[in-house]
Amino acid sequence: MCCSPVACVAKVIMGIINTLIFLVGLAMFIIGVLIQTQPSLSKDALSGLLSNLEDTASSAGVTLDTSNFSAADLAYSFTIALIVSGLLLAAISLLGLIGTKYSLKPVLIVYFIIVLVLFLAQVIVVLIIVIDRSALDDAIKPRLKDTITDDFTGLEGTDATTLMWNGVMMKLECCGVDGYTDFTAASAWTKTINSVTYALVTPVACCKSVSTSYTCAETPSTSNNYLDTGCYDEMWDFVLKDSGIVPALAAVLLAFQLAVLILTIIILKSMSIVGVV
């Protein structure tokens, strides 16, 4: 079918963008499946964090075995979301490719509506994060604190939740979600190191300098411990400011979707002009 130069260019660009989106969706699906089914791969990806954790534990006189670590145990919901999101992206991009390739106006209209809804939803999320994050905080913080209350076991813990909390606290130089008081109700925290029980006020991982003396965790202060520095805010600072990756990725994704919306409108208008139903 003939099309105007602008519409033809729009179709080519739409094809390229949707192909890229399809590949991204496929990659997300594959990564999610691999994380869920191949624990060794997720361990390799976090090898630096686990190695640092083992070294720090060694400085505290503890031999830590992280060989059985699996991100799938910790992030089951995340991997499922990754798989579902990947399939969704792939399906949406195929819809766009088919509608553009065969000039199917109803298919392109459905495609446009889906992309528009997703675009607006993401814009709303970004605005919430930038303007007022409190609603998001209220939804996330309690769940994070529950992982500490129910599963955190201490410096010698080798379960996925404990390893990740110790690793995050050492890496980001913080303590708990909002501070050390989050560990007050930690029912599984034994406070035992090398068969000796200590009067720990904070986990050893909250100490600024870890050694075989656990004074920094028994009598913590701002000079020897990150007791009042919550990891939640530190994580957000890392994601939004220090790494710079997430804001850049979000901007690129929104720009791609906006471009897709504009291109779809151009193609739909060209179809109306030539009388495509």
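## Starting at Cys-231

At 0% relative accessibility, Cys-231 is a buried residue, where buried means under 20% relative accessible area, exposed over 50%, and partly exposed in between, using a 1.4 Å probe and protein chains only. This is a predicted model, in which local features need pLDDT of at least 70 and side-chain atom pairs count only at pLDDT 80 or more, while totals for chains, interfaces and linings use all residues. Residues are numbered from 1 along each chain as its sequence is written, and side-chain values use heavy atoms, with hydrogens and water left out.

## Three sulfur links

You'll find three disulfides here; a disulfide is a pair of cysteine sulfur atoms within 2.5 Å. One of them ties Cys-231 to Cys-174, with 2.1 Å from S to S. This pair links distant parts of the chain, 57 residues apart: Cys-174 sits in the loop between helix 8 (160-172) and strand 1 (192-193), and Cys-231 in helix 10 (residues 231-242). Helices (H or I, at least four residues) and strands (E, at least two) are DSSP runs, numbered from the N terminus. The link of Cys-174 and Cys-231 is right-handed, with 95 degrees about the S-S bond. Cys-174 is buried too, at 0%.

Next up, Cys-175 is joined to Cys-206, again with S to S at 2.1 Å. Here the chain is bridged across 31 residues, from Cys-175 in the loop between helix 8 and strand 1 to Cys-206 in the loop between strand 2 (196-197) and helix 9 (215-218). Cys-175 has a relative accessible area of 0%, and Cys-206 also comes in at 0%. Then there's the disulfide of Cys-207 and Cys-216, with sulfur atoms 2.1 Å apart. That link is right-handed, at 95 degrees about the S-S bond. Cys-207 is buried at 5%, and Cys-216 is buried at 8%.

## A greasy stretch on the surface

Now for the outside: Val-12, Ile-16, Leu-20, Leu-23, Leu-26, Ile-30, Leu-34, Val-252 and Phe-256 make up a nonpolar surface patch, with about 740 Å² of accessible area together. Patches take residues with over 30% relative accessible area and no salt bridge, joining like charges within 9 Å and nonpolar side chains (Val, Leu, Ile, Met, Phe, Trp, Tyr) within 5 Å. A salt bridge is a side-chain nitrogen of Lys or Arg within 4 Å of a carboxyl oxygen of Asp or Glu. Accessible areas come from the Shrake-Rupley method with a 1.4 Å probe, and for residues only the protein chains shown count as cover.

Helix 1 (5-37) and helix 11 (245-274) each give the patch at least two residues, and helix 1 has the largest share, with seven. Leu-20 belongs to helix 1 and is partly exposed, at 41%.
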